[in-house]
Amino acid sequence: MACFRCVFSTRFPQSHRLFLHLASPLPRAPAPTAAAAAPQPPFFIRQINMQAQNVAARLSSSGFLHAQGLVGGKWTDAYDGKTIEVRNPATGEVIANVPCMGRNETNDAITSAYDAFNSWKKLTAADRSKRLRKWYDLLMAHKEELGQLITLEQGKPLKEAIGEVGYGAGFIEFSAEEAKRVYGDIIPSPLPDRRLFVLKQPVGVVGAITPWNFPLAMITRKVGPALACGCTVVIKPSELTPLTALAAAELSLQAGIPPGVVNVVMGNASEIGEALLSSPKVRKITFTGSTAVGKKLMAGSAGTVKKVSLELGGNAPCIVFDDADLEVALKGTLATKFRNSGQTCVCANRILVQEGIYDKFADAFSTAVQNMKVGNGFGEDVVQGPLINEAAVQKVESLIKDAISKGAKVILGGKRHSLGMTFYEPTVISDVKNEMLISREEVFGPVAPLLKFKTEEEAIHMANDTNAGLAAYLFTTNVQRSWRVSEALEYGIVGVNEGIVSTEVAPFGGVKQSGVGREGSKYGMDEYLEIKYVCLGNLS
Ligand code: SIN
């Protein structure tokens with residue numbers, strides 16, 4: 001179990017991203033653009049402890065910390081001056097006040113994005129690629145500070161947060177490379193005097209609505225391919241974690257991405273959503289978040305027939321067969337369950353263990369979980385931070401209460417952590433059944449429910465018995481079984497003997513009610529492209 005912690009810091013622990021640039025600072029950012037050189041907006045820090053104050057001061061002096069929205073390249077307050085507080089979930093302290101924007105600011109951001117689209121789409125792919133590459137370089141150059149910002153506003157342990165920066169920046173790097181490979185087609189003509197072409201063109205203005213659990217990576221995963229294809233964007237980050245989004249947007253300006261190509265608005269979520277949905281100028285909505293909100297966005301997009309990509313909730317089964325390598329299964333299950341304190345859509349939600357290995361697995365797993373250090377993400381050796389807010393803790397509590405009332409047993413944890421706030425004890429529960437709420441809903445917390453099964457057939461049935469279909473995991477040393485079960489699982493992503501599957505080079509997305517579309521990889525590019533067929537006639 002010695003090395004399971006390292007998997008929390010990035011997607012592919014073996015990947016170069018884990019090791020790159022950790023020691024040597026990269027070259028400083030280039031001279032700021034006009035927008036970046038403008039006086040820095042006030043960054044209100046109050047009631048904040050020394051540690052967070054030091055972090056905030058360091059971030060402020062690095063010059064990319066903003067507490068205003070970005071509309072048409074200008075740092076902007078809400079038109080009525082209203083603000084909302086951004087708090088550190090580990091301490092409850094206010095980190096900053098950001099504008100509470102709504103319909104009017106969003107409409108202006110859409111207009112800016114629409115105007116910028118005309119020139120951005122006309123740049124050569126090579127030019128867009130160079131600017132994206134520069135943005136990637138800047139994100140990596142500021143990896144430490146961005147990681148600190150993520151820990152400050154989201155709570156995840158610093159090592160994991162820095163891992164997110166590498167992961168998130170990877171989408172920009174990959175998109176910079178793919179920008180040059182948006183190929184069309186020539187179709188052999190059925191008539192001698194015609195030539196048939198397929199052009200791929202950017203869809204237009206994109207509304208990107210992103211969650212708090214990956215304040216950077218869920219933005220870059222959308223904005224990277226959008227910009228590479230020639231689209232422009234209006235980003236609405238979560239109101240809980242807007243500062244990382246604003247810092248990333250500042251770096252996009254420094255990278256030479258023109259004003260208006262990237263806009264950021266935050267505040268009144270329903271007004272912003274409504275403005276994005278109702279505008280005929282917005283041609284695509286891309287969203288990561290709950291299934292309930294995703295359905296509303298899909299329905300709301302119908303009015304103007306927008307393209308949609310939705311990455312929604314999961315209910316990941318993690319199946320451990322009797323023939324699994326126990327060490328591999330433990331490492332993989334811990335990684336997929338406890339990444340980001342259980343707050344990812346691909347976290348194992350149900351751990352299905354075959355009866356022959358159940359007791360041994362439960363013992364070894366609980367021992368490993370017991371050793372996990374919980375605390376403020378800036379603390380040394382901390383691997384589990386706080387949950388994002390009180391509502392998240394209450395949801396975990398209610399799911400555990402329901403499970404216990406129906407016969408489940410708490411092996412470890414099962415209550416709030418003595419640290420208070422929204423810290424929750426890493427928890428293992430046994431005797432869980434597929435009918436319990438904890439197996440039906442997304443837990444989004446550090447709780448590992450163990451379910452027992454007898455046969456492969458039963459495991460597949462239990463795994464597929466849900467409306468969700470994002471990620472699934474299985475652990476076995478039987479090659480035939482690994483193929484058979486992978487093919488039988490109704491999921492968009494399957495990890496075999498591996499708990500960390502996310503990477504910018506592979507398609508991420510779900511089936512059933514876990515969403516539509518894919519992010520990352522060459523497939524993620526298609527989401528931002530329209531196909532145009534051109535028929536050239538009269539050539540004889
Ligand atoms: C998510 O939780 O929505 C994304 C997780 C990932 O990218 O691995």
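Author: Angles under 35 degrees count as roughly parallel, over 145 as roughly antiparallel, 65 to 115 as roughly perpendicular and the rest as oblique. This is a predicted model, in which local features need pLDDT of at least 70 and side-chain atom pairs count only at pLDDT 80 or more, while totals for chains, interfaces and linings use all residues. Residues are numbered from 1 along each chain as its sequence is written, and side-chain values use heavy atoms, with hydrogens and water left out.

Reader: Are helix 4 and helix 6 roughly parallel or roughly antiparallel to each other?

Author: Helices (H or I, at least four residues) and strands (E, at least two) are DSSP runs, numbered from the N terminus. Axes are lines fitted to C-alpha atoms, for helices over the stretch in contact, and angles run from 0 to 180 degrees between N-to-C directions. The axes of helix 4 and helix 6 (residues 158–178) come within 8 Å and cross at roughly 165°. Helix 4 and helix 6 are therefore roughly antiparallel.

Reader: Is the crossing of helix 4 and helix 6 left-handed or right-handed?

Author: A crossing is left-handed if the near helix is turned anticlockwise from the far one by less than a right angle, and right-handed if clockwise. For helix 4 and helix 6, the crossing is left-handed.

Reader: Which residues of helix 6 make the contact with helix 4?

Author: Helix 4 contributes Ser129, Leu132, Arg133, Trp135, Tyr136, Leu139 and Met140. Contact means heavy atoms within 4.5 Å. On the helix 6 side are Val165, Gly166, Ala169, Gly170, Ile172, Glu173, Ser175 and Ala176.

Reader: At what angle do helix 4 and helix 8 pack?

Author: Two packed helices are described by the angle between their axes and the distance between the axes. For helix 4 (residues 125–141) and helix 8 (residues 242–254), the axes are 8 Å apart and the angle is about 130°. That value makes helix 4 oblique to helix 8. The crossing is right-handed, and the packing angle is about 130°.

Reader: Which residue does UniProt list for "active site"?

Author: UniProt positions are given in the numbering used here, feature names are shortened, and annotations may be inferred rather than shown by experiment. The unreviewed entry also has the annotation "domain: Aldehyde dehydrogenase", which covers residues 75–534. For "active site", that record lists Glu311.

Reader: Does Glu311 count as buried or exposed?

Author: Glu311 lies in strand 11 (residues 307–311). Buried means under 20% relative accessible area, exposed over 50%, and partly exposed in between (1.4 Å probe, protein chains only). Because its relative accessibility is 3%, Glu311 counts as buried.

Reader: What is the length of the polar contact that joins the side chains of Glu311 and Arg221?

Author: A polar contact is a pair of N or O atoms within 3.5 Å; within protein, one must be able to donate a hydrogen and the other to accept it, and residues adjacent in sequence count only if both atoms are side-chain atoms. Leaving aside neighbours within four places in sequence, Glu311 is in contact with residues including Met218, Arg221, Cys345 and Glu519. The polar contact between the side chains of Glu311 and Arg221 is 2.8 Å.

Reader: Which residue's side chain does a polar contact of 3.0 Å join to that of Arg221?

Author: Arg221 lies in helix 7 (residues 217–229) and counts as buried, at 1% relative accessibility. Among its contacts beyond four places in sequence are Phe171, Phe508 and Gly520. The polar contact of 3.0 Å joins Arg221 to Tyr167.

Reader: Which residue has its backbone nitrogen 3.0 Å from a polar atom of the Glu527 side chain?

Author: Glu527 is found in the loop between helix 17 (521–526) and strand 20 (529–536). With a relative accessible area of 15%, Glu527 is buried. Not counting residues up to four places away in sequence, Glu527 touches Lys284, Lys307 and Gly517, among others. The backbone nitrogen at 3.0 Å is that of Arg518.

Reader: What is the phi of Asn340?

Author: Asn340 sits in the loop between helix 11 (326–338) and strand 13 (348–354). At 1% relative accessibility, Asn340 counts as buried. Although Asn340 is not a glycine, its phi is positive, about 55°.

Reader: What is the phi of Asp431?

Author: Asp431 lies in the loop between strand 15 (427–430) and helix 14 (437–440). Its relative accessibility is 32%, so Asp431 counts as partly exposed. Asp431 is not a glycine, yet its phi is positive, about 60°.
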